[in-house]
Amino acid sequence: MTTTERPAQTRHGHGPGGPSAGASREPRRPWTVLILALAAQVLVVLDISVVNTALPAIGRSLELRSGDLQWLVTAYLLTSGGGLLLGGRVADVFARRQVFLAGMAIFTTASMVSGLAGSAGVLIGARAGQGLGAALMTPAALSLIMTTYSGAQRAKGLTLWGAVGSMGIAAGVLFGGALTTWVSWQMIFWINVPIGVGVLIAGWLVLPKQATGHAGLARLDVPGGLAAVGGLGALIFGIESITSHGWASPITLGALGVAAVLLASFVRIERRVAAPLVPPHTWRVRSLVAGTATMAGVTAVLVGVIFVTSIFCQTVLGYSALRTGVALLPLALAITAATHLARHLLTRTTARNVAASGLTVAAAGAFLLQRAATHPSYPAAVLPGLVILGLGAGVVFVAVFISAAAGIPAEHAGMASGFLMTGHEIGAALGVAILAAVSASAGSLTAAHSAATGVGRGFAVAGILALALAAVAAATMPKTRGAAQAQNHMHMH
């Protein structure tokens, strides 16, 4: 691919929301596509965390063993995280509109089945179906934003996408607790149905009906896709198994071994096929590779901290599921505020500087949360730490999305979206696994004293990870500014 294939928007924009030489000539598109894409992202991201606070109620209702409860989370992450690369390529090969609508239809149907489930097997299978729908519609939705809008509109859309992605994880805990407490656990799934139906109807009416220029299964690397789905799914399962089985258990090591074999097979397949799932030049696009690595890291820190904070609030402070959700609300509000701050910062400095600074601030928030181990007070230790962490993480998400998406040609927008969001899903699984394992090293997480000590260690590790990631972002992300990052430094050859 040559530099002449870059989309028109990268030739004009000089920063998100900032002035540009060609801004007056950029066509303004209606916001309907963005609204539909964001609605889909809300559903997908909420379902990563909304189940967590409902797990005890689901377990009692369906008489699930404690070891089976994690599958309600893992089944979703396995199919969504494992299938994103394939979903992104499908969005490039076929019309994004059809892929988006198909993914939404699968997700909505699986949500309805989840709410009606009367057994653990049916619910776990339906959760896997939700993940499959998410794997199709997430990259399609993001690539619709990337290919529909240009200049300041595109930057604003990516900013909002980043805000929804990070804020939704924290908000999911609140919604899960509220719906479970006030209505029933089934409602956390049923609420997706009317929203999904509404998006399907609106999407059928307003989404553009353009093809991407490719057609047919001949352009789809099915063997590579199956190897990627299997390998990433096994990797996520192995990471999740660390929490329940330990680092050195046969289950964990076996899953990670299977992941290594399948992912190695994926690499070999990609080198031989004419139309690889991930084109070789993708690994030379610095913005995308560095952005995906940073995305995985910041998501790991954020989701891991949410998990540990939830344990602290319920075990040490004695909060209910609903009160725990309310306690995490300031984190979501801080992330929202940070997205507005990020847009202004990105007009004045590089995405690399914004990401590295944001990660440093997030580390400060995590270290402040560590005080909760010796001073178990929400107002004094937890609240300020969550706010500072949210502000830092929020600007990082926006900087990563804008940096990674800039300069990606339209015909590869789906692949790039799937690549980036795969980092998001793997980061979520990795963050919970690492911080849960570190926290559990102090003893039982159901006993107040050992839980307090354990979560203190978890917060400290989160801070160390954020600092290390800040150094990585400073060394690897491109130096150029704002939404025009790729113009001179991220050519795809």
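Across the protein chain the average pLDDT is 80, and 84% of the residues score at least 70. Among the elements, helix α17 (residues 486–489) has the lowest mean pLDDT, 37, whereas helix α4 (residues 96–116) has the highest, 94. Helices are DSSP runs of H or I with at least four residues, numbered from the N terminus.

In this predicted model, local features need pLDDT of at least 70 and side-chain atom pairs count only at pLDDT 80 or more, while totals for chains, interfaces and linings use all residues. Residues are numbered from 1 along each chain as its sequence is written, and side-chain values use heavy atoms, with hydrogens and water left out.

The axes of α11 and helix α12 (residues 321–346), lines fitted to C-alpha atoms over the stretch in contact, with angles from 0 to 180 degrees between N-to-C directions, come within 9 Å and cross at roughly 145 degrees. On the α11 side, the contact is made by Leu-302, Ile-306, Thr-309, Ser-310, Cys-313 and Gln-314. Helix α12 contributes Ala-321, Thr-324, Ala-327, Leu-328, Leu-331 and Ile-335. By class (nonpolar: Ala, Val, Leu, Ile, Met, Phe, Trp, Tyr, Cys and Pro; charged: Asp, Glu, Lys and Arg; polar: the others, Gly among them), these residues comprise eight nonpolar, four polar and no charged.

Helix α11 (286–316) also supplies at least two residues of the lining of the second largest pocket, as do α9 (222–245), α10 (250–272) and α15 (413–440). The largest share, five residues, comes from α10. The lining as a whole has 14 nonpolar, three polar and two charged residues.

Key. Contact means heavy atoms within 4.5 Å. pLDDT is the predictor's confidence in each residue, from 0 to 100.
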